[in-house]
Amino acid sequence: MKNVEIYTDGACSGNPGPGGWGAVLIYNGVEKQLSGSEKETTNNRMELSAVITALKALKEPCKVTLTTDSKYVCDAINKGWLTSWQKNSWKKADKKPVLNIDLWQELLPLLDKHRVEFIWVKGHNGHKYNEICDKLAVAEYQKYL
């Protein structure tokens, strides 16, 4: 199984507002950058879109170390929220509906396909790849401004 590093970030101008996401994939020292945008979205949707698109770019099952500054994404996976949401018919602990169900459902089969470890880093704190992803994301949403 190939070892791949993925770094992701999402950004929005307003929340909701124009949004962008960026991702850097690294395999065997080779870097690939991906990015995209939506005219009207939220920051959390962009964070999830970056993760989903990056994992979809992998052509075979891989062992992935995925680094993001999104507590929303990391906590949902690492703290077991996603599993609980599924078991509770996509309701949170407070019985309110989970937001972005469509994206979480799109992520689930990718998490089954790949062995993904999610690592959180503080955003805008000098992490090389987090900064690159942020620049990609901002450049994407600026297309709408």
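Ground rules. Residues count from 1 along each chain as its sequence is written, and side-chain values use heavy atoms, with hydrogens and water left out. Because the model is predicted, local features need pLDDT of at least 70 and side-chain atom pairs count only at pLDDT 80 or more, while totals for chains, interfaces and linings use all residues.

Start with helix 1, residues 43-56, against helix 4. Helices (H or I, at least four residues) and strands (E, at least two) are DSSP runs, numbered from the N terminus. The two pack at an angle of about 30°, with axes 10 Å apart. Axes are lines fitted to C-alpha atoms, for helices over the stretch in contact, and angles run from 0 to 180 degrees between N-to-C directions. So helix 1 is roughly parallel to helix 4. The cut-offs: under 35 degrees is roughly parallel, over 145 roughly antiparallel, 65 to 115 roughly perpendicular, and the rest oblique. Their crossing is left-handed. That term means the near helix is turned anticlockwise from the far one by less than a right angle; clockwise is right-handed.

Who touches whom? Contact means heavy atoms within 4.5 Å. Helix 1 brings residues including Leu48, Val51, Ile52 and Leu55, and helix 4 brings, among them, Trp104, Leu107 and Leu111. By class, this contact has nine nonpolar, one polar and four charged residues. Nonpolar covers Ala, Val, Leu, Ile, Met, Phe, Trp, Tyr, Cys and Pro; charged covers Asp, Glu, Lys and Arg; the others, Gly among them, are polar.

Next, helix 2, residues 71-78, on helix 4, residues 101-113. Here the angle is about 55° and the axes are 13 Å apart. These two are therefore oblique. The crossing is right-handed. Tyr72, Val73, Ala76 and Ile77 of helix 2 meet Trp104, Leu107 and Leu111 of helix 4. That contact has seven nonpolar, no polar and no charged residues.

Now the lining of the largest pocket. A pocket here is an open set of points on a 1 Å grid over the protein atoms alone, where a 1.4 Å probe fits, with protein on both sides within 12 Å along at least five of seven lines; lining residues have an atom within 4 Å of a point. Thirteen residues line the pocket, with Val4, Leu25, Tyr27, Ala57 and Leu58 nearest its centre. Strand 1 (2-12), strand 2 (17-27) and strand 3 (30-41) each give two or more. Eight lining residues are nonpolar, none polar and five charged.

Last, the backbone. The peptide bond from asparagine 15 to proline 16 is cis, omega near 15°. Proline 16 is in the loop between strand 1 and strand 2. Serine 89 has a positive phi of about 55°, although it is not a glycine. Serine 89 lies in the loop between helix 3 (81-87) and helix 4.
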